[in-house]
Amino acid sequence: MTAPHPLLARLDASLADVGHSLSQTRFWDVLGTDAKAPVALFDAHTGRRYPPAQALEAFLQQHPFLHLVDAEGRWQATLHCATRLLWNHSAAAGNKSYDRIQAQAVLAQARWAGLEGWKLPNKDQLWAFATATGNPHRQGSEYCLARPDGGYGCGWLTTDGQCDVRNGNWNVKPDWGGYLFACHPHWQEADRRQMLADLAAWGFVLQSPTGNARFPPVPEPMSLEPLALLRTLSERGERLVADQRQLAPGAHPALAVLGELDWRPSRLPRLEAAQLADPHQGLWELWGAPAERLKDWRLVARDPARDLKHHPVAIDFGTSSTVVAIDDGQRIQLLRVGARDFYAPQEPQHYENPTVIECLDFEAFRREWQRTAYRPAHDWDWLRAGHEAHAAWRDNPADTQVLGAILPKMKQWAQRGANAPRLRLFDRKSGQEIEIPPLEDRRPVRGQPLQVSPADPFDPIEFYAFQLGMTINWRKRGLFTRYYLTFPVKYERAVKDRVLASFARGLQRSLPSTLVEQGSVLQEFTVEELASEPAAYAAAALRQLQLEPTEAGLPYAVFDFGGGTADFDYGLWRWANAEEEDLGYEEVFEHLASSGDNFLGGENLLENLAFRVFCANLDVLRAARIHFTKPLDASAPSAAEAFIQPTQAAQTNMVMLMTRLRPFWEGEDAKLESQIGLDLLDADGAKRRVELALAADELDAYLRERIKEGARLFLRELQRAFAKVTFDGPIHLLLAGNASRSRHVRAIFDPQGELWPALLQEVFGDTAPQLEIHPPLPLDPRNPDAPTAKTGVALGLLRLAPGRKVKVNNAVRTSHGDEAPFRYFVGRLRRGVFQAALTPESDYRVWHELGPIVQRVFDLRYTLSQRARETMREGDPELYARPLPWPEAHDGARLWARAIAPQTIEICCLAAGQTPQDDTSAQRLDLTIG
């Protein structure tokens, strides 16, 4: 038996919902495109379409009296249109007269016109009925009424007795009997829609006494088969509305499933009707569906293989924002992810897609995410990413529930080791904390379809990559299979592999299953690292600055000041030599060196600002039992240690204060209130209002000195990188990353200012090379796709893509087997000063002596900071200590170490005068910080 087509199965299920809705509510208003008033009333039991209620109102106004007539033309009652009372005397026979008791007994059994509850009129009601102009039941003298036997009478029963209705009389005799003409208030308070619904339900019509006018006219039949009904509504531009629910092609899931294929999971534009039925367009998801079913639905399938693109996609996965650039063969484009309005005018900053996700209903997301591998039926209101998630962060700075549900710093999370504190996320719907396990390398097997199951761990990077992929692989853009990522210069291979695996899964999940089922496409699907972030930026910026390579090589240095770290890159840009030209290359980026300041990132500086404010307000926090977190490079005063906790509440408190301090960090001046009030979470998770004192001068001084220290390290590394290189002209210094726009960076790198000449003198003395400083590439409102300080990395990556005739020579990387260089400085203290034996320049698997083991313990010291090249003293917050017990060590024994991975060393103990050999027994030591 052939399995049902998945999308058609969803449509069929939605049609079942339509049928159920129709069975639950009988009468539906039919609304047109203007939606001002119903254009008809639809009977879901019979499929008949009646004129709207306003047409009934007009009919009632034209006739003072109307007969209620059944389907066989038999009279059932008379409607007095002015009072909306129904009148009937069909139970009275001949000249029979009733007293009130007899009349009440007759009326108790009456079922006239299908209604119970007929009553005697009071005198006023009888007066209004009998004297009304046009009353068809008047006969004889005024105001006598006709009897059922054809005669007429003047004595008619009321609630108070017999009433003589002749003109001039109208006296009531309580004890006398009379003829019976009952009334019914069923429509007295009913609106016109209810009257119309009753006529439809009863199968009756209102007919003028002369018989020449009827309402409603013969109703129009409509199909009750859901698909045919919705199609008719679609063709007419109508919808059905009842009880605050509606059935319509654009609103009900039966056809909205198609219109919202892109909008529901990713808020991409809704599909237009033409997209669904146009023979030149069609839907990828319907490829392979039975032709007869497509004909029933009037839908067109499209082979997704027709839309395969073999052009590169570049992704700069950043700490605070991510940039996506694609080359579709016609032009290079930057993409927006998670935008609230894709039709809004584009601005350059829109392409810096916030690297955040927001959790609104994790359980609903998890069920679908773990059930369907390719293009799951995800709902944006379960889990969302990009600009809209960031807007929730920005617009709710004091809402702890909102902030706790937003997950930033995914890139930093990817670097955490297995023993690091778990990341936690708050689910807005359930109020529960979600613990996120460390990132694993779950790269899909090349050429084989992905499998998902309830056992899969939640990987926020995979989901974020899926959202990127949905935007990249939009049906009006095409389907891409070649993706290239860039990483900071010091990322180790294992971290890169984990991130690449997450992106491979997420991007692959954005492909339609009907493409994956064709098999060969997964052999073409690749997600690869291509170049370091600063090198990619140089590839875009140098061209944008209208510079050209030279034969000897144009020297450049990149100060990439991003959200997580500051990366330094140094190289030469030259024309290809004869041998390289013979291989098809035209340009070569000769990488000389890379370095960086691991904690000089915009977000890390902001976190340090918040930490300093918390530490300065410990008395306030102690009274309120407020916890917070500590940046990895910060040194906590002893009094603050009890307040530093790895909890969701502490993380949320840190985020809230960072949000308040962000304008100070990013602003053009150093203005800051002297005191702010914040609603923070206490140790029990309850909100507590606290007032925090702020010292703007001290905070600004910290920023100035910390960034100046980073600039000093950058120049020190530049001096080392170009020490043995011959070149002509100035070194082009490129400022990259959004944090490079800060007021402090501008002040430090200002050739006309006070700080820059002093830094040059400190680092180079009187031998400073010629440096030409290029500010961060600015935003260009006229050309949103032009490279900027942030988007330049992704755009430069496209220039370096295979086939573009640009070669990147990275001798350092090659010499380490495609692994990042060793990251640490490792050694010991001597007279309180750190001495490094292992450095980032150390080759892997080469032994170095660290020093003597004293009293069977070696006091190992290590750091990531480039300041270790200068003077680093005991107590420095970036210098870490690890006592290494060695019980079997004899006096004079020496500790040896060698680097085997970016964050891992091997150590061994040997007697004085001995050196390690290849077969020397060694212990492995992981130096991971954080």
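Is L572 buried or exposed, and what is its relative accessible area? L572 is buried, with a relative accessible area of 8%, where buried means under 20%, exposed over 50% and partly exposed in between, for a 1.4 Å probe and protein chains only.

## Basis of the model

This is a predicted model, in which local features need pLDDT of at least 70 and side-chain atom pairs count only at pLDDT 80 or more, while totals for chains, interfaces and linings use all residues. Residues are numbered from 1 along each chain as its sequence is written, and side-chain values use heavy atoms, with hydrogens and water left out.

## L572 in strand β30

L572 belongs to strand β30, residues 566–575. Helices (H or I, at least four residues) and strands (E, at least two) are DSSP runs, numbered from the N terminus. L572 and L554 are separated by 18 residues in sequence, yet their C-alpha atoms are 5.2 Å apart.

Contact here means heavy atoms within 4.5 Å. With neighbours within four places in sequence set aside, L572 is in contact with A552, G553, L554, P555, Y556, V588, F589, E590, L592, F722, V725 and F727.

## Packing of α21 against α24

Helix α21 (residues 602–616) packs with helix α24 (residues 696–721) at an angle of about 145°, and their axes are 11 Å apart. Axes are lines fitted to C-alpha atoms, for helices over the stretch in contact, and angles run from 0 to 180 degrees between N-to-C directions. The crossing of α21 past α24 is right-handed; a crossing is right-handed if the near helix is turned clockwise from the far one by less than a right angle, and left-handed if anticlockwise.

On the α21 side the contact is made by L605, N608, L609, R612 and V613, and on the α24 side by L699, Y702, L703, R706 and I707. These residues divide into seven nonpolar, one polar and two charged. Ala, Val, Leu, Ile, Met, Phe, Trp, Tyr, Cys and Pro count as nonpolar, Asp, Glu, Lys and Arg as charged, and the others, Gly among them, as polar. An α-helix has 3.6 residues a turn, so residues three or four places apart point the same way.

Helix α16 has 17 residues and reaches 24 Å from its first C-alpha to its last, close to the 24 Å expected at 1.5 Å a residue; the expected span is 1.5 Å times one less than the number of residues. Because 15 of its 17 residues are buried, α16 is largely enclosed by the rest of the structure.

S510 is placed in the loop between α16 (493–509) and α17 (513–516). S510 is buried, at a relative accessible area of 0%. Its side chain joins that of N473 in a polar contact of 3.0 Å, that is, a pair of N or O atoms within 3.5 Å; within protein, one must be able to donate a hydrogen and the other to accept it, and residues adjacent in sequence count only if both atoms are side-chain atoms. Beyond neighbours within four places in sequence, S510 is in contact with R375, F466, G469, M470 and N473.

## Backbone geometry

Most residues other than glycine have a negative phi, and most peptide bonds are trans. A113, in the loop between α3 (100–109) and α4, has a positive phi of about 55° and is buried at 3% relative accessibility. R298, in the loop between α10 (291–297) and β18 (308–316), has a positive phi near 60° and is partly exposed at 48% relative accessibility.

The peptide bond from E142 to Y143 is cis, with omega near -5°. A cis peptide bond also joins F215 and P216, with omega about -5°.
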